[in-house]
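Hi everyone, thanks for coming along.

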Amino acid sequence: MSLTKRKRATISPAVKIPKMRALKKVLSDTDPPPFQVLNQRGNGMGLVICDHASNRVPRALKGLGLQKHDLNRHIGWDIGTEDVGKRIGKELDMPIVLANYSRLVVDLNRAPHHSECIPEVSDKTIIIANNDLSKKAKEQRLREIFWPYQKQLEKQINRLLRKGRPFLLAVHSFTPELNDVKRPWHMSVLWNKQEKIAKRLIAEIRRRDPSLLVGSNEPYTLKDERFTGSTMYRHAEERDLPYVFVEFRQDLIDTKEKAAHWANVFLQALRPILDELTSLQAGPNSPRKK
Ligand SMILES: [Zn+2]
């Protein structure tokens, strides 16, 4: 999918919808479940997580009142991450959890009561169906989509914990330009507390190809308050599990072929780090007690 620059109206008047009240149900029988898990029986000691893999909107929410091209833009999802996540999970033989709904329905990578969890505006586009949403309607999206997704991550992690100390990999992507500012990095690694793994990985990617620009807590930083309580806080840091949060630039991974290429570039640098984590686990004092 190409990210052509175009002048966009702030409001997308595609569908006139009444102010969203709590529906009987957000997800109907014809909607898929909130997530899908691939390679469930993978033997790798980790989990690949794609919070923003999909731009789907439950039928009852009528496209959130947005035009299709808005949902197809970076505001609707992390373009390319489904392909990259699948590739990495397959190569590492790890289960892959993919979100099935757009971050504009409910952002799975935010704390549930953060203002960006059900955003009213995203990159200057008003998300019509999210404005003046009642508390009940918000709770409903959390109950039907957000919490089942978080519980599924917990379930997968608990299953892995029976075998050792799992590694979590969060796969995201960023738009190549925001607010007229170019974002030059090929990929970026984000962290909050786990600076060591992040810096080691960045160094390894650059060592293998010094021409690559690898962001370090750019263009976002997990130290930002907006990420407090987000996926890696909740599932990795609170449980003291090793993790990597990677972001790829969207124009580099917007076809299956390109996604496969960049997944491989990343994997080559990640593998020695995973080997180190595994050998630490296999040491005399392991598995590490929480
Ligand atoms: Zn994302």
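Predicted model: local features only at pLDDT ≥ 70, side-chain atom pairs only at ≥ 80, totals over all residues.

Now the overview. The protein has six helices and 11 strands. Of its 290 residues, 42% count as buried. If you take the contacts with a separation of 6 or more, 83% of them are between residues 24 or more positions apart.

Let's turn to the sheet. Seven strands make up an open sheet with mixed pairing, and the order is β1-β3-β2-β6-β11-β9-β10. At the edges stand β1 and β10, each with a single partner strand, so one side of each has no neighbour in the sheet. On average, neighbouring strands of this sheet are turned by 20 degrees against each other, direction ignored.

Start from the β1 end. β1 and β3 run antiparallel and are joined by four bridges.

Next, move to strand β6. How many of the eight residues of β6 are buried? Eight of the eight are, so β6 (residues 167-174) is largely enclosed by the rest of the structure. As a reminder, in a regular strand the side chains alternate between the two faces of the sheet. In β6 both faces are covered: one side has Phe167, Leu169, Val171 and Ser173, the other has Leu168, Ala170, His172 and Phe174, and all of them are buried.

With β2 the pairing is parallel, over four bridges, and Val48 has Leu169 of β6 as its bridge partner. With strand β11 (residues 243-249) the pairing is also parallel, over seven bridges. There, Phe174 stands opposite Arg249 in β11.

Leaving aside neighbours within four places in sequence, Leu169 is in contact with Gly46, Val48, Ile49, Ile88, Tyr243 and Val244. Leu169 also belongs to the largest nonpolar core, which has 69 residues. The residues with the most contacts inside that core are Leu168, Leu169, Val189, Tyr243 and Phe245. Which helix gives the largest share of this core? That is helix α6 (residues 256-281), with six residues.

Helix α3 (residues 135-161) has a kink of about 40 degrees, centred on Arg143. Its buried residues include Ala137, Gln140, Arg141, Glu144, Ile145 and Phe146. The buried residues of α3 pack against β1 (35-38), β2 (46-50), β3 (96-99) and α5 (231-237). Helix α4 (residues 195-208) lies across β9 (187-190), β10 and β11, and runs at about 165 degrees to β10.

Finally, a few stops in the loops. Here is Asp123 again, with a phi near 45 degrees, a positive value in a residue other than glycine. Why does Asp123 count as partly exposed? Because it has 13 C-beta neighbours inside 10 Å, while buried would take 20 or more and exposed 12 or fewer.

Asp93 also has a positive phi, about 55 degrees, although it is not a glycine. You will find Asp93 in the loop between α2 (81-92) and β3. It counts as partly exposed, with 13 C-beta neighbours inside 10 Å.

Asn131 sits in the loop between β5 (125-126) and α3. Not counting residues up to four places away in sequence, Asn131 touches Glu120 and Ile126. Asn131 and Glu120 are 11 residues apart in sequence, and 5.3 Å apart in space from C-alpha to C-alpha.

My last stop is Pro219, in the loop between β10 (214-216) and α5. The peptide bond from Glu218 to Pro219 is cis, with omega near -5 degrees.

That's the tour, and I'm happy to go back to any part of it.

Definitions and conventions:
Residues numbered from 1 in each chain as written. Core = buried A, V, L, I, M, F, W, Y, C linked by C-beta atoms within 7 Å. Helix = DSSP H or I, 4+ residues; strand = E, 2+ residues; numbered from the N terminus. Contact = placed C-beta atoms within 7 Å. Bend = angle between axes of the 7 residues up to and from the residue. Pairing = 2+ DSSP bridges. Axes fitted to C-alpha atoms, helices over the stretch in contact; angles between N-to-C directions.
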